[in-house]
Structures are given as structure tokens and as C-alpha cells.
Amino acid sequence: STGGSMATATFAGSTTDFPNPERGWYVMPKDGEMTASTLTRFSEAYNTRLMLYQVNLSSYRAGPLPQSFLDALNARLAAGRAAGVKFILQAAYSFDSSGNDAPIDVVLQHISQLKPVWTQNADVIPFLKAGFIGAWGEWHSSTNGLDSDANRTAIKDALLANTPSSMIVHFRAPDDFAKWYPSNPSAAASARIGFHNDCYLANDTDAHTFNGLNDPMREYVKSMTRNTGFGGETCDNVSNPEQRRITCEQALSEGAAYHKTWLHVLYSDQFINSWKSNGCFAQISRSMGYRLQLDRVAHPTSATRGSSVSIDVNLRNTGWARLFSKRPVVVTLRNKSTGATITGSGGNLSTIDPATAAKITVNVTIPAGSTAGDYEVQVSAPDVWPTTAGDARYAIRFANADSGGQAWDNSTGRFNTGATLKVQ
């Protein structure tokens, strides 16, 4: 049984951009930088747990990928796991304007060969940029005709068939969405299709990504990305730079409208430096992706051994996007004297839309053999993968300020609410 009286704890928000998995600014390590020590240094220097890693297939345009290449790729992703980061992965044959890629049969063979790598490393690859086609893998200027409608569809189908269901695949051209899922952004999102825009805010067309500011596909993408997110980078050297939508007002408005989840922190300098000098860089930083803030925790003041206690956790998402991995809320009761813990979990944080509040009730069963005494009430959202669940760097850090007995614990990935429950 539980005690008749209730305890309530409320929490202050924070304006700090805490590094969190699967969202925020990203940096782009090169092959030689895909080591645990270097990735850790990047993570700390740029306050991020997200990297974009470009898989260079230029040496294999004419045949299969050797096992040595796949082994090296697995080792680099393992280094990311050791560093506590996750990746947006992009495979391509050309990283310049030549668009020198591979024949369609080779591309489909490579996608099939990469399936075990994507599957084995799904814990650290939440997002995939479609890649493979043409210049920079951005689905244009292919030397092998990969940018035809038929080949684009074949590569899309192969990517969706060979990637885990947890992985969102981001594509570059909104016109493709209109062909694949006519007037149905919900169907596109259900198929795990996201959007990446590598000339975000460049001009009125985003360097020909759209047909203008009033292109109907803008509304399509805004609806689709509510469930799959949007990422990319800004760019320079477009044909009409005087139309750049570079102001803070435009960056904040479009970030929210398109559910911006991740953006390149080092490109382009003109945009990044403008946002810093005009005072909105910090707001953009903390708004990208999800931002989950605890508001209130309510629970009985006491409970007996062998009973179940219900704990209500009120929180809200103040970010621009949803969390895209299905994480529950975990409540941990920690004995103040012995350090022993009792846990329960409930709910799904990925269902909380931007600018939305939610209450999640977590039931914690107290074993009959538990030690009586006072227990701290702690709240967390650890990763769901067995390989990363125990690593506090992969836990979601709530957007709450430390205050008195309320504090984030970097070693456990749990927020101590300052509340106490007595077990009798």
C-alpha cells in the first residue's frame, strides 16, 4: 500500500544547450579522425553528441566492397560508440562537382553489402542521408544516370529495405516525395523518409531545392518532418546570394516550421557568424531537435515493501522536433543509506510533439525484500539499445537547471528530483 499523502516537486528550466543524442549541431570527422579520442574531443569542443560521417566509396565504383572495407567501417562506428556519439551516415562515390558515381547494379550491390553494417550499428546510426547518387551524394549530376526517376526509385526502395526500422533515411529532393507519395506526407513519414536540405536558407529556392517560397512542397515537407525530422547545412556561392534568408527571425521561424533536428556547425561561416553576432545562435542551438524539460513530479510520500507505487512525471518538449527513438521515462528510487536502487518505466517520449506538454505515469514495484528507509526519486531517459543503455552519455539530459537538491548526475544519466519516498 502507499501512504495517503502526496509529495510534489517542481523544477526550473535552463537556457543552456545540453548536448543530447540524435539532435543538434553536427561536425564531420574524416576517416583518420574516426577514433574514440578524436571523436570525444570533437564532442566536447562543439558541445554535441552527433557527427556526420561520409563513407567514401570512390575506390569501388566498378565492383563489390571488400570485407576489409566493411570491417574498417565497423571499427570506426565502434569508435563512435566508445566516444558516446551517434552518426548521420552518408555513403557516396563523389565528393566534388563531377558527380562521378557508379552503375546502378554496383550501387544496389553495395547497399546490400552495407545492410549488416547498418544493422550491427543501428544503436549509433539514427539517421542516414540517402547519398550514393551524383555530386556529393546529393542526387544530382550523376555520370551514370542514377538521377533518373527509375534509378532514384530503385535506390530509395533498396535503402528502405536494407536499413533497420529504427533508422530514418533523409532524401534531398522534395519533388521525389511528390512522385513517391503523391499528396501524402504521412505515408512518406511512415516509410521512414526524412528531408535534408544542404542549401538551407540560401535564397528563395534554397538553391533550387524548392521552386520558390510558395512552392506547395514546402507545406508537404513541413508536415512530413513532424514525424521524421529535417537536417542539413547552409551554403555559399548560390546564384542570387542577395536573397539569402539569413536573419535571426527567418532562421528561428523556419527552424520551427520544418522541425529542424540537426545542422552543420562549421558551414557556412556567413550564416553561423551572422546568427552569433545577432544573438540567436544560442537559441537555435537549444531549439534544434527535441528539448525535454521536467516540470513536475508527484508521488505518495510513503509505500510499503511488496507494493507498487505510481509516480506522475509532467514534462514538455520545448524543441523544434520530436524525439525519434522510442524511449520510456525511467523512475529510479535510490536508497539514501545503501545506494540500492529500484526502477520502473513507462510511457514513450517520442510521442511528445514540439510545444506540447505530457504526463507520464510510471509504476514502480517495490520488492518485498527491499531495505526500508528513505529513497531519492530520480528520473531518466536512457537509450533503448542494450549496447548503449548503460552509458550515461546516451541518456537524454533534461533541460532543467541544477538547484539545491535537484541536479543532473553525469555519472548515472539521472536527474535527482530532490524528492524523497519512504519505504516501510
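## Charges over rings

In this predicted model, Lys 276 lies over the face of Phe 281, at 4.9 Å from the ring centre, where a charge counts as over a ring if NZ of Lys or CZ of Arg is within 6 Å of the ring centre and within 35 degrees of the ring normal. Lys 156 likewise sits over the face of Trp 180, at 5.1 Å from the ring centre.

## Aromatic pairs

The whole structure holds 19 aromatic pairs (rings of Phe, Tyr and Trp, the last by its six-membered ring, with centres within 6.5 Å; stacked under 30 degrees between planes, edge-to-face over 60, tilted for the rest). Trp 25 and Phe 281 are a stacked pair, with 4.9 Å centre to centre and 10 degrees between the planes. Because Trp 25 belongs to strand 2 (residues 24-26) and Phe 281 to helix 10 (residues 281-287), this pair ties together parts 256 residues apart in sequence; helices (H or I, at least four residues) and strands (E, at least two) are DSSP runs, numbered from the N terminus. Trp 25 and Phe 281 are both buried (under 20% relative accessible area with a 1.4 Å probe, protein chains only; exposed is over 50%, partly exposed in between).

The rings of Phe 177 and Tyr 220 are stacked, since their centres are 6.3 Å apart and their planes at 10 degrees. Phe 177 in helix 5 (residues 174-180) and Tyr 220 in helix 7 (residues 216-228) are 43 residues apart, and both are buried.

## Aromatic cluster

One aromatic cluster includes Phe 177, Tyr 220 and Trp 180, with Trp 139 and Tyr 258 also among its members.

## Basis of the values

Residues are numbered from 1 along each chain as its sequence is written, and side-chain values use heavy atoms, leaving out hydrogens and water. In this predicted model, local features need pLDDT of at least 70 and side-chain atom pairs count only at pLDDT 80 or more, whereas totals for chains, interfaces and linings use all residues.
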